[in-house]
Amino acid sequence: MATDEARATYEAFEAKYPEGNIDQSRIFNVIGMLSQAIEAAGTADDVVAVAKQLEGMEYESMWGGKVFMRPQDHQAIQDMHVAVHTDENIDFDYDLSGYGVLTESTVEMASMDSPTTCEMKRP
């Protein structure tokens, strides 16, 4: 597990939903970033204000590293973890299968330097 927070989240989820599964952990980043943007905007109703708060946001992910919201096109830039599906050296399995994902390498801030041709229109 990348952090103590991630481990605690998995353990709490397993305790509450023993037959459940967190297989889309990136959703935690989306919810966390949106929450911070709403708080900074002071409203959830003004979507333009919320979107402006997201532009350029850096968010510390509980999965390790950060997520950066590229202002030009609102693409989330983050570490890309290359992993294997295995039953060796895993802390948490998926679908009660005994198999989980083990990270073998990480590309830090993947696509950070990729150009964009986006011409996003803002209100």
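This is a predicted model: local features need pLDDT of at least 70, side-chain atom pairs count only at pLDDT 80 or more; totals for chains, interfaces and linings use all residues.
Figure 1. The neighbouring view includes Val67, whose bridge partner in S3 is Gln78. Strand S2 covers residues 66–69 and strand S3 covers residues 76–86, and the two pair in the antiparallel sense over three bridges. Six residues separate the strands in this hairpin, and among the hairpin residues His74 takes a positive phi near 60°.

Figure 2. Strands S3 and S4 pair in the antiparallel sense over eight bridges. In this pairing, Gln78 stands opposite Ala110 in S4. Gln78 is also the bridge partner of Val67.

Figure 3. Arg70 belongs to the loop between S2 and S3. Is Arg70 buried or exposed? Its relative accessibility is 10%, and Arg70 therefore counts as buried, the cut-off being under 20%. Leaving aside residues up to four places away in sequence, Arg70 touches Gln75, Ile77, Ser111, Met112, Ser114 and Thr116.

**Figure 4. Helix H1 and its buried face.** Helix H1 comprises residues 4–16, and its 13 residues should span 18 Å at 1.5 Å a residue; the end C-alpha atoms are 18 Å apart, in agreement with that expectation. Which residues of H1 are buried? They are Ala6, Thr9 and Tyr10. Viewed down the axis of H1, the buried residues fall within an arc of 95°, so they line one face of the helix. Helix H2 is included in what covers these buried residues. Asp4, Glu5, Ala15 and Lys16 are exposed on the other side of H1.

Figure 5. From the first C-alpha to the last, the 15 residues of H2 reach 21 Å, close to the 21 Å expected at 1.5 Å a residue. Asn29, Gly32, Met33 and Ala37 are buried in H2. These buried residues fall within an arc of 130° when seen down the axis of H2, so they line one face of the helix. Their cover includes H3, S1, S2 and S3. On the other side of H2, the residues Val30, Ile31 and Glu39 are exposed. Gly42 follows H2 and has a positive phi, near 80°.

**Figure 6. The crossing of helices H2 and H3.** Helix H3 consists of residues 47–54; its axis and that of H2 come within 8 Å and cross at roughly 115°. The crossing in which H2 passes H3 is right-handed. Which residues of H2 and H3 meet? From H2, the residues are Met33, Leu34, Ala37, Ile38, Ala40 and Ala41, and from H3 they are Ala49, Val50, Gln53 and Leu54. Met33 and Ala37, both named in this contact, are among the buried residues of H2.

**Figure 7. Leu54 and its contacts.** Leu54 lies in helix H3. With a relative accessible area of 15%, Leu54 is buried, because the cut-off for burial is under 20%. Not counting residues up to four places away in sequence, Leu54 touches Met33, Ala37 and Met69. Among these contacts, Met33 and Ala37 belong to H2, whereas Met69 falls within the range of strand S2, residues 66–69. Along the chain, Gly64 is ten residues from Leu54, and the C-alpha atoms of the two residues are separated by 20 Å.

Definitions and conventions:
Residues are numbered from 1 along each chain as its sequence is written. Side-chain values use heavy atoms; hydrogens and water are left out. Two strands pair if DSSP finds at least two bridges between them. Helices (H or I, at least four residues) and strands (E, at least two) are DSSP runs, numbered from the N terminus. The expected span of a helix is 1.5 Å times one less than its number of residues. Buried means under 20% relative accessible area, exposed over 50%, partly exposed in between (1.4 Å probe, protein chains only). The arc is that of the directions from the helix axis to the C-beta atoms. Contact means heavy atoms within 4.5 Å. Axes are lines fitted to C-alpha atoms, for helices over the stretch in contact, and angles run from 0 to 180 degrees between N-to-C directions. A crossing is left-handed if the near helix is turned anticlockwise from the far one by less than a right angle, and right-handed if clockwise.
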